[in-house]
Amino acid sequence: MAFTRATGKHRAPSRLTRRSANLAGVAALATTGVIGTLASPALAADTEAPSVEDTGLTQIVSMGSLADEIAAQAAAQEREAEEAAAKARAQAKAEAEAKAEARRKAEARAKEAREAKERAAREAERKRLNSFRLPIAGSYVTTGYKTGGALWSSGSHSGVDFRAASGSSVVSVGAGTVVEAGWGGAYGNNVVIRMNDGTYTQYGHLSSISVSVGQQVAPGRQIGLSGSTGNSTGPHLHFEARTTAEYGSDIDPVAYLRSHGVNV
């Protein structure tokens, strides 16, 4: 059966035609302000600030601020700790330096005191070695120098006699070296010492001798005991001072001792 198009009827508009019409309608509405009127509330709603309840941003911002504050406090505490540690290190260093300086000064004072003590000891030893004393402590001269008489082969006394009981300690009057120790003829047992100043001293009529040739002696060193050996009339000490070790080079023994500070 065939269909026929109704006479006088219009065809339905095509899709393109409908789209064009829609666009034209939108344009017309826009021209008349309908869309603007309808869109205004929506646009206003879009630009209005969201509420706190809707966004929850306040909570986020608050938590961020708290974290920043905690971080700032932690940084401040760390700085304070570093400053305290630096201060402690500086104080410890200062204390260590102060202790080291005190120790250095104490050591310097101790060294200075030790050196002063050593100098004093050396000076005392020098004085001791250069000092002179009586050949018999507390004794005195009984027969003077150059006293004349038949008792001496030269006609006069070449030394002095010191009073001494037999067995009294006889000492070197100063520092020197023994050049003779033994029998000396008329001098009996005798000792001759070359003194450090180049002079010589002789000790005669000893009952015993306690030193030997070549031995160094200090002032006050015992060299023997007094007696009456040799050409002697009784216990005493014959003492001479000489310029050489030989007989005949004698000098005044009392003046010699006094020139060395001995009270005789």
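## Surface and overall build

The accessible surface of this protein amounts to about 17500 Å², and carbon and sulfur atoms hold 57% of that area. Keep in mind as you look around that this is a predicted model. The chain has 264 residues, and 23% of them count as buried.

Five helices and ten strands make up the list of secondary structure elements in the protein. Turning to contacts with a separation of 6 or more, 57% of them are between residues 24 or more positions apart.

## Strands that pair

Strand S3 (residues 169-171) pairs with S8 in the antiparallel sense, over three bridges. Within this pairing, Val 171 has Gln 222 of S8 as its bridge partner.

Strand S6 (residues 200-209) is also joined to S8, again by three bridges and running antiparallel. Here you can find Ile 209 opposite Gly 224 in S8.

## The largest pocket

Now for the open space: the largest pocket holds about 410 Å³. Its lining is made of 21 residues, and those closest to the centre are Leu 151, Trp 152, His 157, His 205 and Asn 231.

S9 supplies the largest share, with three residues.

Terms used. Residues numbered from 1 in each chain as written. Predicted model: local features only at pLDDT ≥ 70, side-chain atom pairs only at ≥ 80, totals over all residues. Heavy atoms only, no water. 1 Å grid on protein atoms, 1.4 Å probe; cavity = no way out; pocket = protein on both sides within 12 Å on 5 of 7 lines; lining within 4 Å. Points joined across faces, edges and corners; volume = space filled by probe spheres on them. Helix = DSSP H or I, 4+ residues; strand = E, 2+ residues; numbered from the N terminus. Pairing = 2+ DSSP bridges. Buried < 20%, exposed > 50% of the residue type's maximum accessible area, 1.4 Å probe, protein only. Contact = heavy atoms within 4.5 Å. Areas by Shrake-Rupley, 256 points an atom, 1.4 Å probe, with all protein chains shown as cover.
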